[in-house]
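The following note sets out several points on the model for a reader who is new to protein structures. Please keep the sequence and the structure in view while reading.

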Amino acid sequence: AWDNEARTDSVGCTIFHAWMKWVVMNLVGKQVSQQTRDRLCMLGRVPLAILERLLSGKTQHDWLGELGLSRTELVLHSLTDALADLGELLGPEMESWEWGRFHTLKLVHAIKDLSLGPFPVDGSIDTVHNGVYPLLSESAPMEGGPALCMCVDIEKGMRRGENVIPGGQSGHPESPHYQDQLHIWLENRCRPMLFDRRDVEANTEHILRLRPANSRSATARAD
């Protein structure tokens, strides 16, 4: 059984999301135009909200009645479609249908040759570690997610926190800080934030001073 965690090594997660795609295709896709369906699914939460209300019996619109299906038939038909879809995309060995094969991240640079990835990545449309992807696509490449993950201790008097960004602090590919945080971000971990002046000074690599153009010194100089 699936443990409801969207880890890269989870097969159950892959099957669930493929099933969810086909529920939307079989339910909403036959009620609206393809253009409307695709726009709804780009929003991520909209089809999930419809599905939640449908399964809990809270929908005012008789979606199933118009299709001539019971809720059980919709669930089973969509699961059959999902398994056939995954078998064609990922091969016949179900044990190899890991979420990381399906759900990937590519960090796109303005210069394509400097882009990073794709990498297998945790998370999904509706998880804390968010990894939005086009719900109806054949795979699940991330198209949105957190640009910063941060955890801060809010207890009075405490100065403790952690954060991480997907990539690195520098945008220069020759810098050691171009992608030095990438592996931490992919592992869903964080790095310590420095608050104390002594800690900041002890970890300072260089100082960049920006001076006015009429200064005797250079406009920008690294000490």
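1. Helix α5 is followed by G91, whose phi is positive, near 100°. This is a predicted model, in which local features need pLDDT of at least 70 and side-chain atom pairs count only at pLDDT 80 or more, while totals for chains, interfaces and linings use all residues. Residues are numbered from 1 along each chain as its sequence is written, and side-chain values use heavy atoms, with hydrogens and water left out. Helices (H or I, at least four residues) and strands (E, at least two) are DSSP runs, numbered from the N terminus.

2. Helix α5 itself covers residues 71–90, 20 residues in total. From its first C-alpha to its last, α5 reaches 28 Å, close to the 28 Å expected at 1.5 Å a residue; the expected span is 1.5 Å times one less than the number of residues.

3. Which residues of α5 are buried? They are L74, S78, A82, D85, L86 and L90. Seen down the axis of α5, these buried residues fall within an arc of 95°, so they line one face of the helix; the arc is that of the directions from the helix axis to the C-beta atoms. On the other side of α5, T72, T80 and E88 are exposed. Buried means under 20% relative accessible area, exposed over 50%, and partly exposed in between (1.4 Å probe, protein chains only).

4. Strand β1 (residues 103–107) has a covered face made of H103, L105 and L107, and an uncovered face with T104 and K106. In a regular strand the side chains alternate between the two faces of the sheet.

5. Strand β1 has two partners to examine. With strand β3 (residues 140–141) β1 pairs in the parallel sense over 2 bridges, and H103 stands opposite A140 in β3. With strand β2 (residues 116–120) β1 pairs in the antiparallel sense over 3 bridges, and L107 stands opposite L116 in β2. Two strands pair if DSSP finds at least two bridges between them.

6. Strand β2 also holds P118. The peptide bond from G117 to P118 is cis, with omega near 10°. Most residues other than glycine have a negative phi, and most peptide bonds are trans.

7. N4, in the segment before α1, has a positive phi near 70°, and N4 counts as exposed at 61% relative accessibility. N188, in the loop between α7 (182–186) and β6 (191–192), has a positive phi near 60°; with a relative accessible area of 43%, N188 is partly exposed.

8. The largest pocket has a volume of about 680 Å³. Its lining has 17 residues, of which Q169, H177, R191, N203 and E205 lie nearest its centre. By type, the lining of the largest pocket divides into 5 nonpolar, 9 polar and 3 charged residues. Ala, Val, Leu, Ile, Met, Phe, Trp, Tyr, Cys and Pro count as nonpolar, Asp, Glu, Lys and Arg as charged, and the others, Gly among them, as polar. On a 1 Å grid over the protein atoms alone, a pocket is an open set of points where a 1.4 Å probe fits, with protein on both sides within 12 Å along at least five of seven lines; lining residues have an atom within 4 Å of a point. Grid points are joined across faces, edges and corners, and a volume is the space filled by probe spheres set on the points.

9. The second largest pocket holds about 280 Å³ of space. Of the 14 residues that line this second largest pocket, W2, F16, M20, L48 and D126 are the closest to its centre. Helix α3 (45–55) gives the most to this lining, with 4 residues.
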